[in-house]
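Please consider the charged side chains of the model shown below. The discussion follows their pairings through the chain.

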Amino acid sequence: MSPDARARAHVLVLGGTAEARELAAALAARPGVRVTTSLAGRVSRPGALEGDVRVGGFGGAEGLAWWLRAERVDALVDATHPFASGITANAAQAARAEGVPAVVLRRPGWQAGPGDRWHSTTSLAEAADLLPSLGRRVFLTTGRLGLAAFAPLSELHFLVRSVEPPEPPLPRHTEVLLARGPFTVEDESTLLREHAIDVLVTKDSGGASTSAKLTAARALAVPVVVVRRPPLPEGVVPAAGVAEVLAWLEGGLPGTGP
């Protein structure tokens, strides 16, 4: 580590979301701050990021705690996906062990509105159990992991959309659509109609970039199975957006002010 790097406040951002990218850019623009964004490496072609970037796991909470200490991290921001519960738990444990201030950046979850036909579940397995009573042609937008929960449903047809190829096992009747959002309401409406989708399954990731499918489903009276996000670890400080994280950092981290 260079003397210049040691002189600056060091913020570690656990990334993988649009908010993490926005936060890294905001912090990298501040001369008193060194920002490092850590990516799990599950996406083969991540977009460009401002500041330093590391790719790969830390080796659990102990490995992350060692990295925080070795790299003299002054603050940790967990801006991972709302369903990355293992990473969030490890981050909270490591930060607590090293006495590093930490915050979790979580965009607000979606809320059902008039005309929505939502069915809330707490897991992919629970969602799979519910599907046969709702439809036969399923638009599955829960990502490429965990699809084994739907594999036993051999009587249903699945359209699976993800950025990377999904991991097996998959349901017998599965069509894979590799695509990266954001998608428009028109795009999603066309897709639902062309594939004769009669039920949608999604995780409550929140945010506007992936919500168009919900609007399209409402307009077409398609029921939606929403897998709710896991709770945050006890004692974790939450922030709803980048502005809240910056305000939190400015309260106790040198060099983060405007």
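Is Asp-204 buried or exposed? In this predicted model, Asp-204 has a relative accessible area of 4%, and because the limit for a buried residue is under 20%, Asp-204 counts as buried. Its salt-bridge partner is Arg-229, with 3.9 Å between the closest N and O atoms. The two residues lie in distant parts of the chain, 25 residues apart: Asp-204 belongs to the loop between β10 (199–203) and α7 (212–219), and Arg-229 to the loop between β11 (224–227) and β12 (238–239). Arg-229, at a relative accessible area of 22%, is partly exposed.

In total, the structure contains eleven salt bridges. One of them joins the side chains of Glu-250 and Arg-30 at 3.1 Å, N to O. This pair spans 220 residues, connecting helix α8 (residues 242–250), which holds Glu-250, with the loop between α2 (18–28) and β2 (33–39), which holds Arg-30. Glu-250 is partly exposed at 37% relative accessibility, whereas Arg-30 is buried at 16%.

A further salt bridge is formed by Glu-167 and Arg-144, whose closest N and O atoms are 3.3 Å apart. Here two loops are linked across 23 residues: Glu-167 sits between β8 (157–162) and β9 (173–178), and Arg-144 between β7 (137–141) and β8. Glu-167 has a relative accessibility of 39% and therefore counts as partly exposed.

Side chains of opposite charge can pair when their charged atoms come close. Salt bridges with shared partners also occur, uniting Arg-34, Asp-52 and Glu-71 in one network.

Conventions:
Residues numbered from 1 in each chain as written. Predicted model: local features only at pLDDT ≥ 70, side-chain atom pairs only at ≥ 80, totals over all residues. Heavy atoms only, no water. Salt bridge = Lys/Arg side-chain N within 4 Å of Asp/Glu carboxyl O. Helix = DSSP H or I, 4+ residues; strand = E, 2+ residues; numbered from the N terminus. Buried < 20%, exposed > 50% of the residue type's maximum accessible area, 1.4 Å probe, protein only.
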